[in-house]
Amino acid sequence: MATTSFPDASPSKKKAAIPVPPARREPAAGGEPRGAAPAGACTAHASPEDLAVTAAEPEFARQFGLSVDEICGHHLLDLIRSPVPARLREQFSDLSAGRRRRFTESVTGRDGSGGEFRADVTGVAVRNPAGALAGVVVFLCRTPDGMSGGPVLSALDARVLEGVASGESTVQLASRLYLSRQGIEYRVGQMLRRFDAPNRPALVARAHALGMFAAGQWPPRVLPERVR
């Protein structure tokens, strides 16, 4: 599988979020309207010049753990990745150049907890009444197996989670990891929110359900692929 590096995902100059208008539907030869949103898709608009997000539905931004305001200015190719990156870039380039009206590709993205998800992305060229390219609309639809990725933790958070799973108290964790008790409580609190767990036992159970720990190992160890 081809790999490539991507530019820094830091957003460029933020643009004010605006409501996302529906893509203009044009009759297609087969009877399906061009620009029609795939079922279950969420939508964003991007600049055809640099593919920076100019507007997005809240659900689109939520897929990447961002708000509508935060996602504006991010480049699409920093948010979504293809097994064949050059092909995805070429597809968007063809849209911007008017050589293509629409395409669909399978991509991956990362949610707010660091977990990877799979999705189908459809790009549509939107033109104004004069026929000039006005923008690019992107429809994102997560695939059924795209919900299985678990969070990716920092090395320190992984050690804290291992300690919680093995029954260590806050004082014991603080002593072993050379942190303050407040530091341990802060990190545990962050993970409770990320894993949507109400307390420490639920956090451990949720981590087990997501496959965070190596099977049959005691004391518990977070899998290396879940640590960044």
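Visitor: Which residues does Thr-104 touch, not counting those up to four places away in sequence?
Guide: Thr-104 touches Asp-120, Val-121 and Thr-122. Contact here means heavy atoms within 4.5 Å. Please note that this is a predicted model, in which local features need pLDDT of at least 70 and side-chain atom pairs count only at pLDDT 80 or more, while totals for chains, interfaces and linings use all residues. Residues are numbered from 1 along each chain as its sequence is written, and side-chain values use heavy atoms, with hydrogens and water left out.

Visitor: And where is the place of Thr-104?
Guide: Thr-104 belongs to strand S3. Helices (H or I, at least four residues) and strands (E, at least two) are DSSP runs, numbered from the N terminus.

Visitor: How does Thr-104 count in terms of relative accessibility?
Guide: Thr-104 counts as partly exposed, because its relative accessibility is 48%. Buried means under 20% relative accessible area, exposed means over 50%, and partly exposed lies in between, with a 1.4 Å probe and protein chains only.

Visitor: How far apart are Thr-104 and Val-138?
Guide: Thr-104 and Val-138 are 34 residues apart in sequence, and their C-alpha atoms are 9.6 Å apart in space.

Visitor: What is the order of the strands in the sheet?
Guide: The open sheet has five strands in the order S2-S1-S5-S4-S3, with antiparallel pairing. Two strands pair if DSSP finds at least two bridges between them. S2 and S3 are the edge strands, each pairing on one side only.

Visitor: How many bridges join S3 to S4?
Guide: Nine bridges join S3 to S4, and Glu-105 stands opposite Val-121 in S4. These two strands form a hairpin with five residues between them, and Gly-114 in the turn has a positive phi of about 90°.

Visitor: What about S4 and S5, then: how many residues lie between them in their hairpin?
Guide: Five residues lie between S4 and S5, with Gly-131 in the turn at a positive phi of about 95°. Nine bridges join S4 to S5. Val-121 stands opposite Leu-140 in S5, and the bridge partner of Ala-125 in S5 is Val-136.

Visitor: Which residue of S5 does His-45 stand opposite?
Guide: His-45 stands opposite Val-137 in S5, and it also stands opposite Ala-55 in S2. S1 and S5 pair over five bridges, while S1 and S2 pair over three bridges.

Visitor: Which strands does H4 lie across?
Guide: H4 lies across S3, S4 and S5, and runs at about 135° to S3. Axes are lines fitted to C-alpha atoms, for helices over the stretch in contact, and angles run from 0 to 180 degrees between N-to-C directions.

Visitor: Changing topic: which residues touch the most other members of the largest nonpolar core?
Guide: They are Phe-60, Phe-64, Ile-71, Leu-76, Ile-80, Phe-92 and Leu-140, in a core of 26 residues. A nonpolar core is a set of buried Ala, Val, Leu, Ile, Met, Phe, Trp, Tyr and Cys residues joined through side-chain atoms within 4.5 Å. Among the elements that give two or more residues to this core are helix H4 (85-97) and strand S5 (133-142). S4 gives the most, with four residues. A second, separate core has 22 residues, including Leu-173 and Met-212.

Visitor: What is Leu-140 in contact with, leaving aside its neighbours within four places in sequence?
Guide: Its contacts include Cys-42, Phe-60, Phe-64, Val-107, Phe-117 and Val-121.

Visitor: How many disulfides does the structure hold?
Guide: The structure holds zero disulfides, a disulfide being a pair of cysteine sulfur atoms within 2.5 Å. The sulfur of Cys-42 is 7.8 Å from the closest cysteine sulfur, in Cys-141, and is therefore too far for a bond. Cys-42 counts as buried, at 5% relative accessibility.

Visitor: Which residues of helix H6 are buried?
Guide: In H6 (residues 170-177), the buried residues are Thr-170, Leu-173, Ala-174 and Leu-177. They cover an arc of only 100° around the axis, so they are on the same side of H6. The arc is that of the directions from the helix axis to the C-beta atoms.

Visitor: What covers those buried residues of H6?
Guide: The cover includes helix H5 (155-165), helix H7 (181-194) and helix H8 (200-209). The face of H6 turned away from its buried side carries the exposed residues Val-171 and Ser-175.
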